[in-house]
Amino acid sequence: MGKVLDKISETAKVYVISGGCGMNETLEQNYDKAGYHAKQTYGARPALVLVDFAQAYFDPEAPLYGGEGCVAARDHAIRLAEAARAAHVPVIFTEVKYQPGGGDGGAFYAKVPALSCFDAGRDTQRLVDGLSVQEGDLMITKQYPSAFFGTSLAATLQFHKIDTLIIGGLTTSGCVRATCIDSISSGFVTLIAHEACGDRAEGPHEANLFDMSAKYADLIGTEDAVAYMESCTIT
């Protein structure tokens with residue numbers, strides 16, 4: 001299953017599910033029986049989606065500060081973006097941005113007060129240093145967790161005949177997961193660049209990688225993602 005899933009499965013081995021007729025099985029055995037973590041066939045026209053690499057996750061004074069996990073994810077995202085551009089693979093960033101005060105944030109903004117970090121004009125809303133939207137890249141602005149919800153992303157991808165999405169970003173348990181689910185729901189082969197994903201705590205990060213791999217996506221390392229993009233250069 002790869003190193004990241006092997007690490008999580010160590011916990012699964014000791015988590016016992018009680019079934020009928022006195023039968024017990026580990027979570028790992030239960031998932032294997034269901035056929036979870038099956039591998040997909042990658043497409044020929046991928047795009048790279050980098051979700052919400054906002055300064056809010058890198059500012060120690062911000063309530064959304066994510067620490068070293070987010071820093072490591074950013075470094076891998078930089079590598080992926082450079083490789084994607086070299087291979088002529090579309091690079092798509094997402095950002096969360098609200099009217100000051102959250103008038104366009106609805107119930108999500110009301111539920112999570114820290115989303116005020118993404119009010120227009122705040123330094124915490126901007127794209128973090130090290131990543132930039134370059135010529136030919138796209139920035140999708142959103143107000144909710146998924147990059148698809150209420151945006152033009154799906155229509156844009158379909159117009160360019162994209163069949164596979166490589167997704168990295170922040171946070172794994174939040175907007176990355178939401179985008180992952182909507183990606184496969186929209187018909188795209190979905191790959192999670194797990195080294196380019198980060199969260200404020202290891203537990204939610206690993207649990208959500210495990211679950212996305214089981215049901216919605218394949219996990220892919222940075223260098224494997226680079227090799228894949230180089231193998232199917234889009235012209």
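**Close-ups of a predicted chain**

**View 1. Asn208 sits in helix H7, residues 202-215.** Helices here are DSSP runs of H or I with at least four residues, strands are E runs of at least two, and both are numbered from the N terminus. This is a predicted model, so local features need pLDDT of at least 70 and side-chain atom pairs 80 or more, while totals for chains, interfaces and linings use all residues. Residues are numbered from 1 along each chain as its sequence is written, and side-chain values use heavy atoms, with hydrogens and water left out. Is Asn208 buried or exposed? Asn208 counts as buried because its relative accessibility is 13% (buried is under 20% relative accessible area, exposed over 50%, partly exposed in between; 1.4 Å probe, protein chains only). Skipping neighbours within four places in sequence, Asn208 touches Thr172, Ser173 and Arg177 (contact means heavy atoms within 4.5 Å).

**View 2. Helix H3 covers residues 68-86.** With 19 residues at 1.5 Å each, H3 should span 27 Å, and the 28 Å between its end C-alpha atoms agrees (the expected span is 1.5 Å times one less than the number of residues). After H3 comes His88, with a positive phi near 60°.

**View 3. The buried residues of H3 include Arg74 and Leu80.** Cys70, Ala73, Ala77, Ala81, Ala83 and Ala84 are also on that list. Their cover includes strands E3 (46-51), E4 (91-96), E6 (164-170) and E7 (189-198), plus helix H8 (222-231).

**View 4. The protein chain has 8 helices and 8 strands.** Of its 235 residues, 49% count as buried. Among contacts between residues at least 6 apart in sequence, 74% join residues at least 24 apart.
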